[in-house]
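This report looks at aromatic rings and their surroundings, and then turns to the chain as a whole.

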Amino acid sequence: MKKLIFVSALLMLTWIAACGQSLNRDAKFDSTSHDFGTIKESGGKVSHRFEVKNSGKEPLVVLYARGGCNCVSTEIPRQPVKPGETAAITVTFDPENRPGHFSKEINIVYDGKKFSKLRISGTVQAAKKHSDSRYSNEIGHGIKTNHETMDFGKVKAGTHKEMKLKFTNDCAVTVNLDFRIDDPAAGVSVDSGCILRPDADGSVTVSVCPSKGKDGKVTTSLTPIANGYELKPIIITYIPL
């Protein structure tokens with residue numbers, strides 16, 4: 001780990017030297033780091049304003065600020081900061097899908113090939129997982145449903161019967177659910193797919209519409225597919241009349 005940090009620092013210094021950049025000593029920050037402490041993943045984005053004073057004799061022009069991660073966004077002064085004046089650089093961190101400790105460096109680049117560095121850090125408390133007894137069927141990848149088997153009972157040919165299949169997402173990433181009916185001739189359909197954000201619920205409507213000529217009990221499987229991965233199938237049964 002120490003070797004990796006050393007190599008990263010060496011590469012950064014090499015890049016700075018190649019670009020001919022130097023530390024901007026006229027940009028005086030009230031602080032160059034901020035610790036958000038412990039924040040909740042479910043609490044949304046957090047921001048901190050870094051105050052910077054221009055202690056030089058020329059206007060301070062901020063070209064851009066980059067955090068090197070799509071979880072970090074920045075807002076820089078739109079106008080040059082006049083000598084003796086103060087402006088703010090706002091850094092925002094998005095904790096979604098990033099439980100645990102984080103430490104992000106922000107590179108501030110000015111005109112005249114000068115730079116500054118800021119850092120934000122903290123710990124993301126993972127979103128609480130569902131313990132709802134309604135979702136007793138674990139089908140994989142942190143997804144649970146309210147049915148292991150969906151028994152529609154007796155259904156008259158030419159009519160249709162519906163049931164809700166509900167889901168909850170206990171994993172830390174957004175899941176796009178699609179569905180496959182393992183026997184397309186079974187007369188079973190699903191109204192649509194379902195997008196589940198972390199720690200969220202959703203549902204789809206499952207329908208059966210028996211065709212004429214079917215004899216005996218019909219059994220098929222509904223296979224949920226989460227972000228391309230097949231999950232544990234839901235068994236569907238009914239008796240056509």
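F167 counts as buried because its relative accessibility is 0%, a value computed, like the others here, from a predicted model.

A pair of aromatic rings is described by the distance of the centres and the angle of the planes. When the whole structure is searched, 2 aromatic pairs are found, and they are set out below.

| Pair | Centre to centre | Angle between planes | Arrangement |
|---|---|---|---|
| F93 and F102 | 3.9 Å | 10 degrees | stacked |
| F167 and F179 | 5.7 Å | 45 degrees | tilted |

The pair of F167 and F179 is tilted because its planes stand at 45 degrees, which falls between the limits of 30 degrees for stacked and 60 degrees for edge-to-face. Since F167 belongs to strand β13 (residues 161-169) and F179 to strand β14 (residues 175-181), this pair ties together parts that are 12 residues apart in sequence.

A ring also takes part in another kind of arrangement, in which R66 lies over the face of Y64, 4.1 Å from the ring centre.

As for the protein chain as a whole, its secondary structure amounts to 1 helix and 20 strands, and of its 241 residues 37% are buried. Where contacts join residues at least 6 apart in sequence, 63% of them are between residues at least 24 apart. The chain exposes about 13,800 Å², of which carbon and sulfur atoms supply 52%.

Conventions. Residues numbered from 1 in each chain as written. Predicted model: local features only at pLDDT ≥ 70, side-chain atom pairs only at ≥ 80, totals over all residues. Heavy atoms only, no water. Phe/Tyr/Trp six-rings, centres within 6.5 Å; stacked < 30°, edge-to-face > 60°. Helix = DSSP H or I, 4+ residues; strand = E, 2+ residues; numbered from the N terminus. Buried < 20%, exposed > 50% of the residue type's maximum accessible area, 1.4 Å probe, protein only. Lys NZ or Arg CZ within 6 Å of the ring centre and 35° of its normal. Contact = heavy atoms within 4.5 Å. Areas by Shrake-Rupley, 256 points an atom, 1.4 Å probe, with all protein chains shown as cover.
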